[in-house]
Amino acid sequence: MMAQDRSKRNFLSFFSGKQFLIPLAALLALVIFNLIADPEFFRVTLGRNSAGDPVLAGNLISILDNGSELAILAIGMTLVTAASGGQDISAGAVIAICGSALLRVLCGSDLTSGQIQSPIIVAFLVCCLVGMLCGAFNGALVAFFRIQPMVATLILFTAGRSIAAWINNNELPMVADSTFASFGGYIKGVPMPTPFFIALICFAAVWALLRFTSLGLYVQSVGISEKTSRLNGLDPRIVKVGVFVIMGLCCAVAALIKVSRLKTINYSIIAKDIEMDAILAVALGGNPLSGGKFRMSSSILGAYVIQFLTTTLYKFDVQSDALSAYKAAAVIILVVLSSPVVREKLMKLLRSLSEPETAGKQV
Amino acid sequence: MFVCGESQDVPALIFRGNYMKENSILEMRGISRSFLSVKALQNVDFTLCRGEIMALMGENGAGKSTLIKILTGVYTKDSGEIYLKGHSGPVEISSPQQAQELGISTVYQEIPLCPNLSVAENIYAGRHKKRLISWRKLNEKAEKLLSSLGIPASPVQPLGSCSVAVQQMIAIARAVDMECSILVLDEPTSSLDEQETERLFELMRQLRSKGTGIIFVTHFLDQVYDICDRVTVLRDGRLTGVYNVSDITRVQLVAEMLGRELDDSPVAAEAEDKAVGEVLYHGRNIHSSENIAPFELTVRKGEISGFAGLLGSGRSECVRAVFGADKGTDGNVVMNGKTVSIRKPSDAIKNGIAYLSEDRKAEGIIGELSVRENIILALQVKKGFFRPFSKSEAEGFADEYIRALGIKTASADTPVKELSGGNQQKVILARWLLTHPEYLILDEPTRGIDIGAKADIQRLVKKLADDGMSVTFISSELGEMLGICSRLFVMRDRKMVGQLSGRQLSEDNIMKTIAGGEHDGAGPQ
């Protein structure tokens with residue numbers, strides 16, 4: 001009897017409890033769609049890149065490559081959402097600021113020669129510092145002045161790209177350094193694109209952070225009940241500033257990849273609308289946007305699902321200006337299917353299907 | 001022993017028929033109202049005369065607010081009739097607007113006005129049928145109104161720049177201007193200081209002399225004797241009695257509210273033969289932003305103390321100040337002979353104090369997290385961010401305490417919100433016991449939980465004290481407090497007014513101390 005109860009619980013939790021299954025189901029749907037439409041989609045070939053090195057090529061590789069920035073941002077967005085119950089909409093603008101700062105340090109006063117003037121590591125550290133400062137600014141507005149996260153981050157969302165342009169006097173520095181280009185391209189002799197590895201490093205870092213510190217418990221406690229957290233000795237304000245600083249760091253890493261890909265920067269276009277995709281990744285991962293419990297792996301998978309969708313749409317020659325509309329349509333279906341209302345309905349349906357089954361066994 | 005006035009045994013409906021007593025402007029007869037299966041009001045009568053201030057008193061769940069909400073049209077009544085002066089036959093009040101039109105105005109504790117609009121705008125907002133408004137004329141009108149009521153505010157200043165008391169008065173002025181004959185004041189004084197309260201009372205007296213009937217909901221005994229003419233006491237949804245304030249002593253009034261009869265049989269206090277431990281905690285001048293008089297508190301090892309007092313007397317605020325739960329907490333605290341500073345919860349936890357809040361849902365559990373995470377939370381925070389418990393350690397703690405406290409849960413992974421109230425309370429207790437506190441503060445740990453869990457918690461508290469832990473236990477049930485505590489700190493009107501221990505512990509003494517005035521109890525500290 002007990003065992004039967006448990007097995008039933010497991011059977012049901014397979015559909016309700018495991019958050020991970022929401023983005024996984026979405027991924028599966030996309031994979032099946034592509035398999036039917038054109039199995040060629042999944043072909044991975046060994047080609048040569050512009051430098052003449054052997055590299056892997058194909059849609060799957062490009063998903064893993066281009067999805068990196070989004071997946072990295074999804075990490076920060078998940079934490080911000082969980083702790084503050086709101087979203088950071090300044091991510092794209094902060095990437096522009098970080099990227100601009102990175103180029104500023106890298107190129108110094110010489111904007112056009114393409115020669116780098118200072119070590120890449122120094123430039124990157126400055127870029128990280130700028131990102132964390134932007135995060136701390138957002139976090140302080142949210143935590144100390146109790147401004148809605150979306151409103152607080154609206155400030156940098158609006159001002160960020162102007163600040164980015166101002167950092168470089170509205171000029172467009174060029175970098176021709178091959179080492180720098182490898183962050184957004186390929187390391188000599190490695191057939192996988194570098195951003196994929198940078199993303200992996202970030203995943204490992206956040207895994208370690210969740211495993212070897214109490215970050216997960218603190219963030220979820222603060223997100224669910226600020227008052228209770230305070231009475232248990234936590235300072236919700238510090239936790240909130242903390243997650244925004246992590247978000248800023250994620251933006252800095254994404255900025256490194258983006259700038260390295262382009263070898264320059266376009267202040268008004270770089271990482272445009274990426275924050276919306278990041279929020280979507282969190283939602284698609286089944287994390288409540290009102291904060292509280294979260295599952296990091298789910299958000300990351302959600303990010304790749306979104307990239308998968310984008311790449312699929314490109315593959316089917318959707319006009320670039322119509323892309324957003326198609327994407328929106330697909331997203332509506334995904335989000336509605338994973339919404340609690342629909343999930344509950346599905347649960348009920350499954351329960352009613354499974355009930356006569358177990359009743360039959362008991363007899 | 002005494003029996004006061006009309007009790008609920010007296011047939012409730014004395015004035016059957018469509019006529020009212022000569023002087024009364026409001027009569028509510030046989031009002032009943034249930035919420036699901038809970039009977040919030042049962043056959044309650046209420047009368048209000050012209051030009052009188054009627055206090056409406058009662059403890060938690062007495063039905064005060066339900067009665068007020070029925071009168072002001074927020075709730076509908078299940079049965080009963082309401083008569084108003086000038087209306088033949090009973091009236092139906094089905095919405096707040098309708099209550100307004102019938103001349104019943106309400107000023108709530110939380111002032112629902114607009115702080116960024118001007119005083120005049122607040123007085124007249126939403127009351128104009130004409131499209132065009134001459135603000136100059138309205139300001140003049142407001143000026144006249146304010147000065148006639150002696151309210152120190154200018155019509156053009158933003159409402160937010162006035163003090164809370166003046167804002168209350170402006171809310172009253174708004175009500176007065178709507179020509180109300182019945183004014184309901186729902187705990188208007190709870191956030192005011194003495195001077196502000198006196199100003200408000202002045203205004204109330206003025207309105208009384210103009211013939212307005214005022215219903216004054218309050219928890220402050222002193223204020224009832226200061227300003228009210230009569231008092232209606234409710235308890236557990238029933239009418240306990242209506243008294244002239246001059247006819248009832250404070251002790252009798254307290255006894256009516258608590259539903260206890262006065263007698264002098266002492267309750268067996270268990271503490272008598274128990275050796276008194278050393279002083280664990282001594283705090284002087286403890287205060288917080290929550291409007292309580294600074295107090296002194298001494299807690300001994302192995303002793304169960306308690307805070308007694310009526311609802312709103314500041315019991316919870318005191319223990320919250322000890323724990324640093326509210327803003328602006330401070331005081332001179334000595335623990336174990338060392339001076340410590342406790343200004344926020346983390347200070348208190350570091351010094352071995354634990355606090356279980358009376359609001360289990362908002363300040364106790366973290367609903368979506370598992371039983372295990374809820375149990376380890378406080379200890380984890382104490383241990384530090386960079387030293388998390390491993391999964392097996394956490395599981396060990398959770399299993400240990402689930403067994404020790406008999407927490408009924410499917411597993412340690414179950415979200416705590418799926419547990420029953422009593423088991424949730426045990427989870428929070430487990431959380432604090434895991435930190436091995438020296439001083440455990442329990443604010444209403446047994447409210448709203450089943451009898452089994454209640455007995456478990458009471459037994460546990462006694463055992464903890466026997467093992468040397470200091471415990472402060474708060475309960476609204478006097479009997480429960482007497483059964484558990486060996487020392488009681490007595491609160492009245494947000495002040496600590498006395499301390500009872502040993503032989504002094506009896507319901508009689510407690511009520512007398514709460515009432516103050518005629519009897520000095522154990523004497524004020």
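Start in chain B by selecting B:Ser105, which sits opposite B:Leu183 of strand 6 of chain B. Before going on, a note on what is loaded: this is a predicted model, in which local features need pLDDT of at least 70 and side-chain atom pairs count only at pLDDT 80 or more, while totals for chains, interfaces and linings use all residues. Residues are numbered from 1 along each chain as its sequence is written, and chains are lettered from A and ligands numbered from 1 in the order in which they are written.

**The sheet in chain B**

Now show strand 5 and strand 6 (residues 182-186) of chain B: they run parallel and are joined by four bridges. Helices and strands here are DSSP runs numbered from the N terminus (H or I, at least four residues, for helices; E, at least two, for strands), and two strands pair if DSSP finds at least two bridges between them.

Next, bring up helix 5 (residues 164-177) of chain B. This helix lies across strands 5 and 6 of chain B, at about 170° to strand 5 of chain B. Angles run from 0 to 180 degrees between N-to-C directions, with axes fitted to C-alpha atoms, for helices over the stretch in contact. Contact is judged by C-beta atoms, placed from the backbone, lying within 7 Å.

Zoom out to see the open sheet of six strands in chain B, ordered 5-6-7-3-8-9 with mixed pairing. Strand 5 (104-107) and strand 9 (238-244) of chain B are at the edges with a single partner strand each, so one side of each has no neighbour in the sheet. From one strand to the next, the twist averages 20°.

**Strand 3 of chain B**

How many of the five residues of strand 3 of chain B are buried? Five of the five, so the strand is largely enclosed by the rest of the structure. Buried means 20 or more other C-beta atoms within 10 Å of a residue's own, exposed 12 or fewer, and partly exposed in between, with C-beta atoms placed from the backbone.

Color B:Ile53, B:Ala55 and B:Met57 for one side, then B:Met54 and B:Leu56 for the other; both faces are covered. Strand 3 of chain B pairs in parallel with strand 7 of chain B over four bridges, and B:Ile53 faces B:Ile214 there. Four bridges also link strand 3 of chain B to strand 8 (residues 230-235) of chain B, again parallel, with B:Met57 opposite B:Val233.

**Over to chain A**

Select helix 7 (residues 149-167) of chain A, whose 19 residues reach 25 Å from first C-alpha to last, close to the 27 Å expected. The expected span is 1.5 Å times one less than the number of residues.

Buried residues in helix 7 of chain A include A:Leu156, A:Phe157 and A:Arg161. Among what covers the buried residues are helix 4 (68-84), helix 5 (91-107) and helix 6 (120-143) of chain A. Just past helix 7 of chain A, stop at A:Asn169, with a positive phi of about 50°.

Last, show helix 5 and helix 13 (residues 274-284) of chain A, whose axes come within 6 Å and cross at roughly 130°.

Conventions. Contact = placed C-beta atoms within 7 Å.
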